[in-house]
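I opened a notebook on this structure and kept the entries in the order of looking.

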Amino acid sequence: MKNFVGVSLFSAVLLFGSVSTTLEHGNNIIKPIRDIENQGSLGKSGRIINGQAATDGQFPYQLFVTIRTTAPLLGLRDYAYCGGSIISTTFAMTAGHCYLAPIPVLQTVSYKLDAGMIVRNTPRQSTIVQQGQATLHPNYNSNTLENDVALLRFTGLTFNTYVGSIGIATTAWNTLDRYAGQSVRVSGFGYISNNGPISPILYWIMQNGIPYATCQAAYSAIPTTCFCAYDTTNGGRAICSGDSGGPITMMIPGTQTPIQIGIVSFGSSGGCDTAPQGYTNVAAMYAWIISVTGPL
């Protein structure tokens, strides 16, 4: 049985060990995408499973987020990697389970945002977000992954062809099964082989939104603040560890303009492509988001 491990559960014991809990939901165990070991059909080819390589400037809103800790004796180190998205000139968005709380006296936390790149470690621009500029949803639940969203206030990014923001779904989009049957797109730097490493290339896939009840049947219980998508064509296209916090988008009906509708949140611990995958419903989070960011 695989353990469900939320990032925030590590915060109080980061220097001394780890804490894990298990949540069994039907035939699958919900687990944050960041923590899923590559099983299923991922094998050694990995990355976003069966994804396509992104072209330069295709996803100007995409971020590669490095969660970093600083502690006495240990110094500065990279703790984990997540995806993220630029949603305004001053705010980025990621998953709540990508947020790490500091430990007073013992540990501080910061977030490095790499922007404008399709090859990892070659960002056109980067900026550092200090802990005081990171905001976790006050009702985030690391056990159920309800309200799995966090916001990062940044400075120092200049918008151009390769770095820019994406609009997000508003409360008006928050209806049951709003995305069922819709074609949606996910992008990220997920794992490229069993247990890593992170992909050196930005990949993307198309999935299909599915009814909430269908997803709930696969897990028995899922967050009320999520929607799910799945794909069984071409061997199954799926997100995997390292993609957490990244954007899932769709085209605004009647246009060629993408809008972010979700945040990569959870999958089954049985493998990246073995069950529907869950995304935080941005429309359900919209009121809280603008309470932090102001009008977008």
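Helices (H or I, at least four residues) and strands (E, at least two) are taken as DSSP runs, numbered from the N terminus. I work with a predicted model, where local features need pLDDT of at least 70, side-chain atom pairs count only at pLDDT 80 or more, and totals for chains, interfaces and linings use all residues. Residues are numbered from 1 along each chain as its sequence is written, and side-chain values use heavy atoms, with hydrogens and water left out.

**Entry: overview.** I find two helices and 16 strands in the protein. Of its 296 residues, 55% count as buried (buried is under 20% relative accessible area, exposed over 50%, partly exposed in between, with a 1.4 Å probe and protein chains only). I take contact to mean heavy atoms within 4.5 Å. Among contacts with a separation of 6 or more, 71% are between residues 24 or more positions apart.

**Entry: Arg 68.** I located Arg 68 in strand β3, residues 62–71.

**Entry: salt bridges.** How many salt bridges does a search of the whole structure find? It finds two. One joins Asp 56 and Arg 124, with the closest N and O atoms 2.6 Å apart. This pair links distant parts of the chain, 68 residues apart: Asp 56 lies in the loop between β2 (52–53) and β3, and Arg 124 in the loop between β6 (108–115) and β7 (125–130). Asp 56 counts as partly exposed because its relative accessibility is 40%. Arg 124 is also partly exposed, at 39%.

I then turned to Lys 112 and Asp 114, whose side chains meet in a salt bridge at 2.5 Å, N to O. Is Asp 114 buried or exposed? Asp 114 has 4% relative accessibility, so it counts as buried. Lys 112, at 22%, counts as partly exposed.

Technical notes. Salt bridge = Lys/Arg side-chain N within 4 Å of Asp/Glu carboxyl O.
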